[in-house]
Amino acid sequence: MFSMPGKQAVTLTPRAVSQIARLMARDKAAGLRLGIKKGGCAGMEYTMEFAAEAGPMDEVVEQDGARVLIAPMAQMFLFGTEIDYETGLLESGFRFNNPNVAEACGCGESIKFKDMPA
């Protein structure tokens, strides 16, 4: 929907590919669906869920056995995002390096997107 020929909507680091492929195999999922929803102190939050199949309007990104499905309403907000997986002493999780984000709350759970030109 919002893709550019020859360019994936999102890119995955090797750590993200490994974790997504592992989770897909564990849960026998067709992919990991990414979306956005209203919420949090900055206004929007990322959503992630396992998907049994790709929806007809999902943007599908496949890389080395990992499959990410981007929900239609999230595509324009996630375009150009790099997804990483970080493991730390106290927490582990996916990190979104998104060039479309204007600001994030202090806890890092919610985001505000840049205004789109009219």
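Reader: Let us begin with Met57: how does its relative accessibility classify it?

Author: This is a predicted model, and the values are computed from it. The classes rest on relative accessible area: under 20% is buried, over 50% is exposed, and what lies in between is partly exposed. Met57 has 47% relative accessibility, so it counts as partly exposed. Met57 belongs to the loop between strand 3 (43-51) and strand 4.

Reader: How far apart are Met57 and Pro72 in sequence and in space?

Author: Sequence separation and spatial distance are to be read separately. Met57 and Pro72 are separated by 15 residues in sequence, while their C-alpha atoms are 5.9 Å apart.

Reader: How should I read the pairing of strands, and which strands join strand 5?

Author: Strands of a sheet pair through backbone hydrogen bonds, and the pairing is either parallel or antiparallel. Here, strand 5 is joined to strand 2 by three bridges, and these two run parallel. Strand 5 is also joined to strand 4, by five bridges, and that pair runs antiparallel.

Reader: Why is strand 5 described as largely enclosed by the rest of the structure?

Author: The reason lies in the count of buried residues. Four of the five residues of strand 5 are buried, so the rest of the structure largely encloses this strand.

Reader: What is the phi of Asp64, and where is this residue found?

Author: Asp64 is not a glycine, yet its phi is positive, at about 50 degrees. Asp64 is found in the loop between strand 4 (59-63) and strand 5 (66-70). These strands form a hairpin with two residues between them, and Asp64 takes its positive phi there. With a relative accessible area of 70%, Asp64 is exposed.

Reader: Which residue with a positive phi follows helix 1?

Author: Helix 1 is followed by Lys28, with a positive phi near 50 degrees. Lys28, too, is a residue other than glycine. Its place is the loop between helix 1 (14-27) and strand 2 (31-39). Lys28 has a relative accessible area of 74%, so it is exposed.

Reader: What is the order of the strands in the open sheet of three strands?

Author: The order here is 1-6-7, and the pairing is mixed. Strand 1 (10-12) and strand 7 (92-97) are the edge strands, each pairing on one side only. On average, neighbouring strands of this sheet are turned by 25 degrees against each other, direction ignored. Helix 1 packs on the sheet and touches strand 1, strand 6 and strand 7; the direction of helix 1 makes about 75 degrees with that of strand 6. Within the sheet, strand 1 and strand 6 run parallel and are joined by three bridges. Leu12 stands opposite Ile83 in strand 6.

Reader: Is Thr81 buried or exposed, and what surrounds it?

Author: Thr81 lies in strand 6 (residues 81-87). Its relative accessible area is 1%, so Thr81 is buried. Leaving aside residues up to four places away in sequence, Thr81 touches Ala9, Val10, Thr11, Phe96, Asn97, Asn98 and Pro99. The side chains of Thr81 and Asn98 are joined by a polar contact of 3.2 Å.

Terms used:
Residues are numbered from 1 along each chain as its sequence is written. This is a predicted model: local features need pLDDT of at least 70, side-chain atom pairs count only at pLDDT 80 or more; totals for chains, interfaces and linings use all residues. Side-chain values use heavy atoms; hydrogens and water are left out. Buried means under 20% relative accessible area, exposed over 50%, partly exposed in between (1.4 Å probe, protein chains only). A polar contact is a pair of N or O atoms within 3.5 Å; within protein, one must be able to donate a hydrogen and the other to accept it, and residues adjacent in sequence count only if both atoms are side-chain atoms. Contact means heavy atoms within 4.5 Å. Two strands pair if DSSP finds at least two bridges between them. Axes are lines fitted to C-alpha atoms, for helices over the stretch in contact, and angles run from 0 to 180 degrees between N-to-C directions.
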